[in-house]
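Subject: Structure for you to look through

Dear colleague,

I am handing over a structure that I would like you to look at with some care, and below it you will find what was found in it. Please keep the model open while you read, so that you can follow each residue as it comes up.

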Amino acid sequence: MVTLLEFLVAALLLIGGVFGIVGSFGLIKLNDPMSRLHAPTKATTLGVGGVLLASMLHAAAFEKYFSFHELMITLFLFLTAPITANFIAKVHIHRQETRDTMPEAGGDDHWATHDTPEDEERRQVAPTPPADE
């Protein structure tokens, strides 16, 4: 049983390392910010998650205690990665796009990142279309 747990910890470390290297390589090599967005928020998050799982498993199996530190780090990481991705995407939109070059927003009729007070007034005055039943 101990050997199986050791192999599982080693596998989680290996998987975490591979994801970390792939995410770091993608961050360096991808061409534009929107492509780079996926490397740190997806692959590297999975890499750190694998290392943290290996650490939690090792602590529970071999040190005979459960560590809440790794659980809190994992929770913090999974909560902050989407926020980071959102900030990177908004910076890209503001640096690369204007109101004229952005595609149609679809059903909600506006892009929140480029709204102006005049847009808000126009939306409040305009009648809302009837809901489909």
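K64 sits in the loop between α3 and α4, where helices are DSSP runs of H or I with at least four residues, strands are runs of E with at least two, and both are numbered from the N terminus. Its relative accessibility is 65%, so K64 counts as exposed; the terms used here are buried for under 20% relative accessible area, exposed for over 50%, and partly exposed for what lies in between, computed with a 1.4 Å probe on protein chains only. The phi angle of K64 is near 60°, which is a positive value in a residue other than glycine. Most residues other than glycine have a negative phi.

Before going further, please note that this is a predicted model, in which local features need pLDDT of at least 70 and side-chain atom pairs count only at pLDDT 80 or more, while totals for chains, interfaces and linings use all residues. Residues are numbered from 1 along each chain as its sequence is written, and side-chain values use heavy atoms, with hydrogens and water left out.

As for the chain as a whole, there are five helices and zero strands, and 25% of its 133 residues count as buried. If we look at contacts (heavy atoms within 4.5 Å), then among those between residues at least 6 apart in sequence, 49% join residues at least 24 apart.

How do α3 and α4 pack? Helix α3, residues 38-61, packs with α4 at an angle of about 175°, and their axes are 10 Å apart; the axes are lines fitted to C-alpha atoms, for helices over the stretch in contact, and the angles run from 0 to 180 degrees between N-to-C directions. The two helices are therefore roughly antiparallel, a word kept for angles over 145 degrees, whereas under 35 is roughly parallel, 65 to 115 roughly perpendicular and the rest oblique. On the side of α3 the contact is made by T41, T45, V48, L52, S55 and M56, and on the side of α4 by E70, L71, I73, T74, L77, F78, A81 and A85.

Several residues of α4 (residues 68-96) deserve a separate look. A85 counts as buried because its relative accessibility is 15%, and, not counting residues up to four places away in sequence, A85 touches L37 and T41. A81 is also in helix α4 and is buried, with a relative accessible area of 10%; leaving aside neighbours within four places in sequence, A81 is in contact with T41 and T45. Although A81 and T45 are 36 residues apart in sequence, their C-alpha atoms are 7.4 Å apart in space.

E70, in helix α4 as well, is buried yet has no salt bridge, and the nearest side chain of opposite charge, that of K64, is 16 Å away. Here a salt bridge is a side-chain nitrogen of Lys or Arg within 4 Å of a carboxyl oxygen of Asp or Glu, and Lys and Arg count as positive, Asp and Glu as negative, with His and the chain ends not counted.

Finally, A54 lies in helix α3 and is buried, with a relative accessible area of 2%. Not counting residues up to four places away in sequence, A54 touches V9, L12 and L13.
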